[in-house]
Amino acid sequence: MTALLEVRDFSVAFGASQPVKGVSFTANPGEMLAIVGESGSGKSLTALGLIGLLPRHAKTGGEIRFEGRNLLAQSERDWRRIRGRDIGMIFQEPMTSLNPVLTVGEQIIEVLRIHERLDRKQARQRAVDLLELVNIPEARKRVDDYPHQLSGGMRQRVMIAIGVACNPKLLIADEATTALDVTIQAQILQLLDNLRRDLNMAVILITHDLGIVAQWADRVMVMYAGRKVEEGLPEPVFTDPYHPYTRGLLGASPRAESGHHYRDGPLIEIPGSIVSATGEKGCAFRPRCPSAQASCGFAVPALRQIAEDRLAACPFTPTRFVSQIHDASLRS
Amino acid sequence: MTLTQSSIARSPRLGALQSDEVEAATPEQSKDWPFLHAPDALTQSSAAVTKAGLRRELRIFLTNPNAIIGLTFLVTVVVLALAAPYLFPGDPLEMVARPFLWPGQNPDYPLGTDSMGRDVLAGIVHGARISLTVGIAATLIGLTIGILVGAIAGYFGGLVDDVLVKLIEIFQTLPSFVLLVVLVAIAQPNVLTVTCAIGIITWPMVARLTRAEFRAIREKDYVLAARSLGYGHVRIVFREILPNALPPIIVTSSVMVAGAILMEAALSFMGLGDPNRVSWGSMIGAGRDVIRTAWYLTALPGLAIVFTVISLNLISDGLNDALNPRFSEERR
Amino acid sequence: MIVSRRLFQRLRRTAIQAVPTVVGIVILNFFLLQFAPGDAADVMAAEAGSATVETMADLRSRFGLDLPVIHQLLNYLSNLAHFSLGYSPRYGMPVAELIGQRLPGTLILMGAALLFALTIGVILGSLMAQFSGRLPDRVLSVGSLLFYSVPGFWIGLMLILLFSVKLGWLPSGGDSTIGSSLTGFAALADRARYIVLPALSLSLYYLAIYARLTRAAMLEVKSQDYVRTARAKGVSPLRLVLRHILRNALIPITTLAGMHIGGMLGGAVVVETVFSWPGLGRLAFEAVMARDFSVLLGILLLSSFVVIIVNATVDLLQAWLDPRIGESR
């Protein structure tokens with residue numbers, strides 16, 4: 001199966017600083033891929049890059065292949081045909097992401113009428129259907145509501161309705177549930193999960209909530225300081241984090257590994273913060289890494305295949321991985 | 001009017017601030033990742049501002065080319081006004097030469113003479129004295145009343161606030177220039193009455209601004225601390241709150257001087273100025289009758305007004321840029 | 001249906017809030033009239049040519065001028081309730097009628113100036129926002145700085161100099177060709193020629209303000225999340241600006257336009273004297289020259305009411321533009 005989306009060595013630069021430094025990943029139809037990282041990891045910029053909404057002065061590099069076509073090479077006109085139709089996006093703040101002076105119906109109808117030949121009546125009916133699809137009660141009445149008349153959860157459902165209105169092949173959800181209550185969060189994610197199955201739509205879930213990733217994602221990718229540092233299936237990544245940063249995220253100090261589970265308690269803080277993206281040589285995580293060594297300062301560690309379906313960018317192998325890697329290399 | 005000008009000028013600065021943040025090392029919002037403390041451009045810069053105090057703002061102001069141009073213009077006008085009695089001794093209302101000498105016709109009177117044979121250049125230089133005196137004195141009156149009323153309303157709140165706000169509203173509803181004409185006409189025009197009248201019509205704007213600042217600052221920790229220490233109201237108002245409320249008031253005061261100069265000019269143009277003093281407005285008023293034959297008599301004093309007012313507006317914009325990041329950040 | 005109910009609620013609230021303001025303005029007006037040198041008796045006596053102390057006292061008691069201030073205030077209020085603003089001996093007619101004759105002229109002038117300032121200001125401001133930081137923005141910024149530093153009456157004189165004296169294209173004063181017997185469209189065109197210069201000189205200052213405000217508001221709206229959402233929907237740039245950015249930016253612009261009505265009335269006073277435009281401002285100028293304070297204060301009172309009415313209209317306009325206003329309460 002060819003990937004729907006293939007990102008190769010994608011980078012974003014603002015002048016001298018380069019917040020995204022060459023990221024590669026793929027997404028398949030119907031797959032839910034989670035991108036995890038803290039503020040400044042470059043995950044949101046990557047997401048904006050996927051839909052061509054980076055600030056004008058941003059310089060991009062690499063390739064974003066969507067159905068085989070390089071999106072970065074296309075004109076703004078072509079971008080507009082893709083946005084909303086082939087790739088949908090949901091943003092973090094449901095409170096501010098909807099236009100306050102237009103009814104939710106008008107905002108759904110807008111995206112429909114841009115990309116599909118529909119008359120007003122058809123478009124309105126589709127808007128009502130979409131509101132029903134995202135489980136908004138009394139959709140026929142709600143379609144004439146203004147955003148401020150809806151709760152945060154409802155607004156995010158409207159955002160999703162806009163995002164999936166034209167049956168996109170890819171939906172990007174940038175922290176789409178962060179601002180919501182836990183119960184609403186679960187409902188929204190369940191909705192996204194159903195929709196991607198029903199519509200065979202790939203979903204890229206950008207989040208910092210590892211609980212969500214573990215529960216909903218098919219694959220997880222951890223970013224740090226503009227690079228991918230680890231990738232794999234959620235279960236193995238979270239039970240056996242390979243990269244020290246992933247371990248830090250999970251709050252699993254080496255000694256507590258056995259008993260402590262990432263779902264048991266709040267995440268602990270990793271000391272320090274992401275260093276300036278203009279960066280020094282070597283591993284970007286080195287200043288905060290508990291197991292850093294002198295050699296970490298020489299070069300950026302390359303991504304290695306450390307198991308089947310598993311990549312990580314740290315040359316030092318946690319002891320319990322040694323045998324697995326051995327197995328993997330024997331097999332390949 | 002002035003209030004709006006400064007609020008207009010304020011917003012683009014906010015825009016610039018945001019774009020600066022995009023270019024900084026942490027392009028994402030810090031909300032993304034509540035567990036980790038990514039460097040936050042906002043807290044860092046505001047901390048730096050507090051430390052460096054006003055010196056940083058002065059530096060920003062002095063490196064702003066527009067502000068420097070404005071300052072140079074204004075200093076020129078002030079020096080000329082101060083030197084007027086030495087440069088052009090004698091009454092500028094005296095006839096000194098043949099009437100209607102065009103500029104450049106007689107090197108003794110470089111800007112020519114008017115219909116009564118008065119030296120135009122002497123008139124303009126002496127007129128600067130009236131314009132600046134009235135402008136500055138009226139602003140001081142407006143500031144004093146406005147700050148007092150605004151501080152009382154904003155600090156005490158409650159019924160006092162309600163009453164004072166209504167008073168401010170009444171004054172802002174009365175068309176200010178019409179009120180000015182009425183006041184000056186009732187009080188008989190001279191430099192003192194014109195100054196006081198302009199002060200009376202400008203205070204509500206200052207009061208409104210001061211009240212808003214006081215209401216915001218009243219709840220700040222250091223004010224609460226001062227209260228819990230049992231300091232008196234006067235001390236809290238003048239030592240704790242007022243210094244922190246000053247930046248927007250300073251910005252406004254520069255525009256107020258410009259506004260007062262314009263109003264004085266309009267009044268004396270209409271014949272409501274001090275009849276015994278030469279003023280730019282009265283020169284234009286006199287030149288108006290002969291605009292078909294000697295238009296320079298109207299144009300030249302007008303240019304003096306434009307020159308002075310532009311310089312004050314440039315200074316105000318510069319002050320706004322220098323002082324604004326600070327108070328706009330603190331408001332968040 | 002919902003919209004109209006919302007607007008009605010808004011209107012009711014505005015009206016209730018305006019009551020104390022109106023009362024305050026009336027009282028202030030009364031006291032200003034008290035401070036004015038000379039009273040109606042003096043004026044009448046001056047008109048009559050000579051008056052003895054007795055006739056003056058007689059006149060005063062007839063007009064209630066010898067009563068305590070509080071009674072006079074009540075009289076004043078009851079006169080106002082009957083739309084009576086006093087009598088102008090100079091014009092030989094009631095002040096209210098005199099002002100009523102002149103008010104339309106000022107309103108037309110202000111309307112034309114406001115329309116021009118808003119239209120051009122919003123267009124220029126949008127352009128500035130679109131090219132922010134680049135050459136067109138800088139050029140227009142300098143232009144707007146210039147416009148709001150120039151006194152309106154001087155601009156008026158310079159426009160007269162250029163378009164009337166030098167080029168001879170437009171008339172320099174009045175509101176229509178005197179003695180002309182034009183009718184219909186020709187009369188309208190004739191009037192339009194007369195209004196161009198005064199409206200232009202009155203509007204330039206406000207044009208500069210609206211341009212700057214539009215620029216700031218559009219830049220601010222541009223950075224809002226919902227604009228990003230619209231772009232993510234594939235909305236075209238023109239539609240983005242008109243439907244998503246400008247629509248929202250208009251909310252603060254209408255507030256400000258409303259706030260400037262009082263200032264514009266003041267500006268009209270000066271501009272009308274420059275162009276001999278028969279409006280309230282011209283009347284105010286004549287009243288000042290004649291020391292006719294009842295007329296002058298009548299103008300102050302009435303123009304305040306104009307401001308209040310305009311503010312209420314702006315309130316409604318805003319409630320219509322912004323669905324969040326007037327929802328609760």
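Me: How many residues does the contact take from chain C and from chain A?
Reply: Contact means that two C-beta atoms, placed from the backbone, lie within 7 Å. Here the contact takes 19 residues from chain C and 23 residues from chain A. The model is predicted: local features need pLDDT of at least 70, side-chain atom pairs count only at pLDDT 80 or more, and totals for chains, interfaces and linings use all residues. Residues are numbered from 1 along each chain as its sequence is written, with chains lettered from A and ligands numbered from 1 in the order in which they are written.

Me: Which helices of chain C supply at least two residues each to the side that touches chain A?
Reply: Helices (H or I, at least four residues) and strands (E, at least two) are DSSP runs, numbered from the N terminus. On chain C, helix H9 (225–232) and helix H10 (237–259) each supply at least two residues of the side that touches chain A. The largest share, seven residues, is from H9(C).

Me: How do the residues of that side of chain C divide?
Reply: Ala, Val, Leu, Ile, Met, Phe, Trp, Tyr, Cys and Pro count as nonpolar; Asp, Glu, Lys and Arg as charged; the others, Gly among them, as polar. The side of chain C that touches chain A has six nonpolar, six polar and seven charged residues.

Me: How many residues has the largest nonpolar core?
Reply: In soluble globular proteins, nonpolar side chains tend to be buried together. A nonpolar core is a set of buried Ala, Val, Leu, Ile, Met, Phe, Trp, Tyr and Cys residues joined through C-beta atoms within 7 Å. Buried means 20 or more other C-beta atoms within 10 Å of a residue's own, exposed 12 or fewer, partly exposed in between; C-beta atoms are placed from the backbone. The largest core has 160 residues; B:Val178 and C:Ala284 are among those with the most contacts inside it. Helix H8 (residues 184–222) of chain C gives the most to this core, 19 residues. A second, separate core of 100 residues includes A:Phe10 and A:Leu311.

Me: What is the bridge partner of A:Gln305 in S12(A)?
Reply: Strands pair if DSSP finds at least two bridges between them. Strand S11 (residues 304–307) and strand S12 (residues 310–312) of chain A pair in the antiparallel sense over three bridges. A:Leu311 is the partner of A:Gln305. S11(A) and S12(A) form a hairpin with two residues between them. In the turn, A:Asp309 has a positive phi of about 55 degrees.
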